[in-house]
Amino acid sequence: MKILFVCTGNICRSPMAEAILRNKLNDAGLSDETDSCGFESFHVGDHPDKRAQTVCRKYGLDISSHVARLFRKSDFDRFDRIYVMDSSHYFNVSRTSRSADDLKKVDYMLNLLFPGQDLPVDDPWYHDIEAFENTYHQLDSACDKLVSLIILSKKHRQ
Ligand code: 4NP
């Protein structure tokens, strides 16, 4: 399975989600792939926000080498599942989709925990380090659920 996370700048929420998921996949002995990207060009080429780096480091994750990039149409071909953080990303990814099959891959990250509610992962960018910590925990819980679903889907395929 290949999983993509999408946020606005690809410097806070989605690189945190990518690192959290990669770490959990690694712990579970799974080789599924993950990546992240954004929809606004302001931070393309930048490393993650220092506050995101600090919170991730607190939990043993080093996201310092991540480089922000934009979503591209070919991501629909490369990835099996595309998780967005809020309705603006859902709207942007949806309008870039080329087919119903593309669109089927897209869902809200927090629908992993609260199916069908389309709740946003809180955007910490305008807030303090506590907001980053809170966002980290939202992403961590959703990634726990995602890993359990990945394991379940592998069992079903056996
Ligand atoms: P992210 O956070 O989408 O989680 O990476 C943001 C980063 C930058 C901006 C907004 C959100 N910005 O407006 O520059």
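**The ligand and its pocket**

The ligand takes up the space of the largest pocket. The model is a predicted one. The volume of this largest pocket is about 190 Å³. Its lining consists of Cys-7, Thr-8, Gly-9, Ile-11, Cys-12, Arg-13, Phe-42, His-43, Asp-123, Trp-125 and Tyr-126. Sorted by class, the lining of the largest pocket comprises six nonpolar, three polar and two charged residues.

The shell around the ligand was examined next. Cys-7, Thr-8, Gly-9, Asn-10, Ile-11, Cys-12 and Arg-13 are among the residues that surround the ligand. Phe-42 and His-43 also belong to this shell. Asp-123, Trp-125 and Tyr-126 are part of the surroundings as well. By class, six residues of the shell are nonpolar, four are polar and two are charged. Asn-10, counted as polar, is named in the shell.

From Thr-8, a polar backbone atom lies 2.8 Å from a ligand oxygen atom. Asn-10 places a backbone N or O atom 3.3 Å from an oxygen atom of the ligand. Arg-13 uses its side chain: an N or O atom there is 2.8 Å from an oxygen atom of the ligand. On its own, the ligand exposes 350 Å². Of that area, 92% is buried by the protein.

Note on methods:
Residues are numbered from 1 along each chain as its sequence is written. This is a predicted model: local features need pLDDT of at least 70, side-chain atom pairs count only at pLDDT 80 or more; totals for chains, interfaces and linings use all residues. Side-chain values use heavy atoms; hydrogens and water are left out. A residue is near a molecule or strand if one of its heavy atoms lies within 4 Å of it. A polar contact is a pair of N or O atoms within 3.5 Å; within protein, one must be able to donate a hydrogen and the other to accept it, and residues adjacent in sequence count only if both atoms are side-chain atoms. Accessible areas come from the Shrake-Rupley method with a 1.4 Å probe; for residues, only the protein chains shown count as cover. On a 1 Å grid over the protein atoms alone, a cavity is a set of points where a 1.4 Å probe fits but cannot get out, and a pocket is an open set with protein on both sides within 12 Å along at least five of seven lines; lining residues have an atom within 4 Å of a point. A molecule sits in a cavity or pocket if more than half of its atoms lie within 2 Å of its grid points. Grid points are joined across faces, edges and corners, and a volume is the space filled by probe spheres set on the points.
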